[in-house]
Amino acid sequence: MLKYFFVVLGCHLGFALFESAILSNIMFLPVVPDFLLLCSLYVSFAHGRCMGVISGFSSGVIIDFLSGCPFGLNSLLRTVIGYISGFFPKTFNIKTLLLPVLIAFCGTFSKCFLISFISFFYPNIVNSYNLFSKLFFSELFFNCIFAPVMFKFMSIFDSVYSDMGSSAV
């Protein structure tokens, strides 16, 4: 499990650098797709709550270091999302095309809802999403489009997780 954690952490670092260094500088993109959220959602659905919480927290810490938002906000959001989505490990066939899109849709809405909930208590500190804005729908669209690709990419590393389970026996 520790080896898989480092693999996922490497993916998080790579996607964070890709998002912040390359995708954020492309002018014709209205928003940057949230690859770290998709990665955490995959880990949660594939390997359960424990790995989902670890993946969500680590991706949140990376985003907290790279962004100007209050430190701990993304860690909290992504840990909660990883925990909730980790209730369904190996329940659904996430190797299909439609289910990753549905998971990304629900995960993006969950992120928006949690940010809006926190911004209710801290309105001057946390900027919330507008559910009917073009930016939110753009992020929702991009996350849903890239979800099957991300889930397929992340499934490459499942052999590392299964190797750890068989070597412990």
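Predicted model: local features only at pLDDT ≥ 70, side-chain atom pairs only at ≥ 80, totals over all residues.
**Entry 1: H2 against H5**

I looked up how helix H2 (residues 35–47) sits on helix H5 (residues 98–121). The two pack at an angle of about 115°, and their axes are 10 Å apart. I noted the crossing of H2 past H5 as right-handed. On the H2 side, I listed Leu-37, Leu-38, Leu-41 and Phe-45 as the contact residues. On the H5 side, the contact uses Ile-103, Ala-104, Gly-107, Thr-108 and Lys-111. By class, I have six nonpolar residues, two polar and one charged in the contact of H2 with H5.

**Entry 2: H5 against H6**

Next I took H5 with helix H6 (residues 134–154). Their axes come within 8 Å and cross at roughly 140°. H5 and H6 are therefore oblique to each other. I recorded this crossing, too, as right-handed. H5 contributes Pro-100, Val-101, Ile-103, Ala-104, Phe-105, Thr-108, Phe-109, Lys-111 and Cys-112. From H6, I found Phe-136, Glu-139, Leu-140, Asn-143, Cys-144, Ala-147, Pro-148 and Phe-151. The contact of H5 with H6 divides into 13 nonpolar residues, two polar and two charged.

**Entry 3: salt bridges**

I then searched the whole structure for salt bridges and got three. In one of them, Asp-34 pairs with Arg-78, with the closest N and O atoms 2.7 Å apart. Asp-34 is in the loop between helix H1 (2–22) and H2, and Arg-78 is in helix H4 (residues 73–85), so this pair ties together parts 44 residues apart in sequence. I found both Asp-34 and Arg-78 buried.

Asp-34 also forms a salt bridge with Lys-111, where the closest N and O atoms are 2.8 Å apart. Because Asp-34 lies in the loop between H1 and H2 and Lys-111 in H5, that pair ties together parts 77 residues apart in sequence. I checked the accessibility of both partners. Asp-34 has 4% relative accessibility and so counts as buried. Lys-111, at 7% relative accessibility, therefore counts as buried.

Lys-111 has a salt bridge with Glu-139 as well, at 2.6 Å from N to O. Lys-111 belongs to H5 and Glu-139 to H6, so the pair ties together parts 28 residues apart in sequence. I logged Glu-139 as buried, like Lys-111.

**Entry 4: the network**

Which residues are linked in a network of salt bridges? I wrote down Asp-34, Arg-78, Lys-111 and Glu-139. Going back to the packing lists, I see Lys-111 in the contact of H2 with H5 and in that of H5 with H6. Glu-139 is on the H6 side of the H5 contact.

Technical notes: Residues numbered from 1 in each chain as written. Heavy atoms only, no water. Axes fitted to C-alpha atoms, helices over the stretch in contact; angles between N-to-C directions. Helix = DSSP H or I, 4+ residues; strand = E, 2+ residues; numbered from the N terminus. Left-handed = near helix turned anticlockwise from the far one by under 90°. Contact = heavy atoms within 4.5 Å. Nonpolar A, V, L, I, M, F, W, Y, C, P; charged D, E, K, R; others polar. Parallel < 35°, antiparallel > 145°, perpendicular 65-115°, else oblique. Salt bridge = Lys/Arg side-chain N within 4 Å of Asp/Glu carboxyl O. Buried < 20%, exposed > 50% of the residue type's maximum accessible area, 1.4 Å probe, protein only.
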